[in-house]
Amino acid sequence: HLFDFAMRAYLLVCLALTLLTQPVHAAVNEVLPGDYFPLSPGDTSVALYAFDRNLAGPYAGGQKLLDGNVDSQTLALRLVHFFRIGDTTVSTVFVLPWARSDVTPAPLAARLGAEAQGFGDLRIGMTAWPINDRENANYLGMTAMLIAPTGAYDDARVINPGENRWRFVLGGGWQKDITPQWLVELSPEIAYYGDNDDYLGNRRLAQRTTYAVTGYLRYRLNTVWHLFLGGQINRGGETQLNGVAQDNPANIERLMAGVTLFLPDRHQLILRAATDTAIDNGFRLEREISVRYQKSF
């Protein structure tokens with residue numbers, strides 16, 4: 001009887017967590033070193049991303065409530081084309097992701113969904129560079145991105161490749177050489193969320209605005225190898241379920257490190273590792289390994 005009671009209590013906690021917390025809320029746009037360096041008008045870049053992540057939790061109020069795990073793999077294809085409007089360099093971007101996730105242990109998987117895979121939401125955006133000063137290696141870009149609810153979605157699950165809601169992101173990026181070897185990058189972001197009216201069986205999920213800033217310090221070993229160290233701070237994102245506030249901002253802080261390899265014929269490879277150093281609510285990123293291959297034409 002004690003075991004049955006413990007299991008029922010455990011399942012009730014899992015159910016509550018599906019209503020009170022979301023999977024990790026980090027910056028909506030994944031910013032890597034060099035993303036706000038503008039190519040020349042007429043250039044096109046094609047990039048393939050691969051992410052392998054392990055998330056643990058969930059957490060509430062900074063405390064880990066369950067020993068749950070979410071293992072996820074994501075692939076994404078990104079196309080960027082650069083052109084000129086007047087004297088300003090502008091780019092358009094299209095991103096199509098595909099994701100797969102597995103949840104353990106079984107009681108948590110029963111509430112979140114044991115496995116999900118499929119295409120994610122299509123991203124369409126534009127960046128303009130009001131500052132594009134190659135002589136002084138000083139660049140400032142401003143981005144607007146619309147994310148459409150095109151991805152795979154099951155209203156019986158919490159974790160899905162798609163989010164079944166519109167999202168709009170305003171961001172930017174500043175890159176500046178501070179010495180011939182060292183350069184700094186800073187990218188703020190504000191994201192706005194439409195409602196998901198089909199969350200866990202016709203419930204309405206709303207989310208407040210999220211704010212994020214990503215920064216990198218990069219060191220040029222030579223013209224081929226760059227090393228970088230980065231950090232990210234995320235705030236906001238409280239949710240409402242059928243109009244009831246859940247008081248669950250994620251408040252994530254993340255640490256990142258990696259290397260960029262510049263190959264001949266305008267090929268580029270980036271390898272990055274990341275982990276969360278703090279989180280208030282949701283699932284904590286224990287480990288992330290990401291790779292991006294890019295070719296420019």
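Is D247 buried or exposed? I looked this up before anything else. D247 counts as exposed, at 66% relative accessibility. My cut-offs: buried is under 20% relative accessible area, exposed is over 50%, and partly exposed lies in between, with a 1.4 Å probe and protein chains only.

**Ground rules**

I am working on a predicted model, where local features need pLDDT of at least 70, side-chain atom pairs count only at pLDDT 80 or more, and totals for chains, interfaces and linings use all residues. Residues are numbered from 1 along each chain as its sequence is written, and side-chain values use heavy atoms, with hydrogens and water left out.

**Whole chain**

I went through the secondary structure. The chain has two helices and 17 strands. These are DSSP runs numbered from the N terminus: helices are H or I with at least four residues, strands are E with at least two.

I then checked how compact the chain is. The radius of gyration is 20 Å, close to the 19 Å of the globule rule for 297 residues, so the chain is as compact as a globular protein of that length. The radius is taken over C-alpha atoms, and the rule is 2.2 Å times the number of residues to the power 0.38. Along the principal axes, the C-alpha atoms fill a box of roughly 75 × 35 × 30 Å.

How much of the chain is buried? I noted 45% of the 297 residues. The accessible surface comes to about 14,000 Å². Carbon and sulfur atoms hold 62% of that surface. The areas are Shrake-Rupley values with a 1.4 Å probe, and for residues only the protein chains shown count as cover.

I looked at contacts next, meaning heavy atoms within 4.5 Å. Of the contacts with a separation of 6 or more, 63% join residues 24 or more positions apart.

Charges: I have 26 positive and 30 negative, and their mean positions are 2 Å apart. Lys and Arg count as positive, Asp and Glu as negative; His and the chain ends are not counted. Each charge is placed at NZ of Lys, CZ of Arg, CG of Asp or CD of Glu.

**Aromatic pairs**

I found five aromatic pairs in the structure. Rings of Phe, Tyr and Trp (its six-membered ring) pair if their centres lie within 6.5 Å; planes under 30 degrees apart are stacked, over 60 edge-to-face, the rest tilted.

One of the pairs is Y49 with F51, which is stacked at 6.0 Å centre to centre and 10° between the planes. Y49 is buried, at 6% relative accessible area. F51 is buried too, at 9%.

Another is W182 with Y219, a tilted pair at 4.7 Å centre to centre and 50° between the planes. This pair links distant parts of the chain, 37 residues apart. W182 sits in strand 8 (residues 182-193), and Y219 in strand 11 (residues 210-220). W182 is partly exposed at 36% relative accessible area. Y219 is partly exposed at 27% relative accessibility.

I picked S101 in strand 3 (residues 88-104). S101 is buried, with a relative accessible area of 6%. What does S101 contact, leaving aside neighbours within four places in sequence? I listed V70, D71, S72, A114, E115, A116, R157 and I159.

I moved on to G125 in strand 5 (residues 123-133). G125 is buried at 9% relative accessible area. Not counting residues up to four places away in sequence, G125 touches S91, T92, V93, A144 and M145.

**Backbone checks**

Most residues other than glycine have a negative phi, and most peptide bonds are trans. I looked for departures.

The G57 to P58 peptide bond is cis, with omega near 10°. P58 lies in strand 1 (residues 44-60). T104 and P105 are also joined by a cis peptide bond, with omega about 0°. P105 is in the loop between strand 3 and helix 2 (106-112).

D247 lies in the loop between strand 14 (244-245) and strand 15 (253-263).

R266 is not a glycine either, and its phi is positive at about 65°. R266 is in the loop between strand 15 and strand 16 (267-278). At 39% relative accessibility, R266 is partly exposed.
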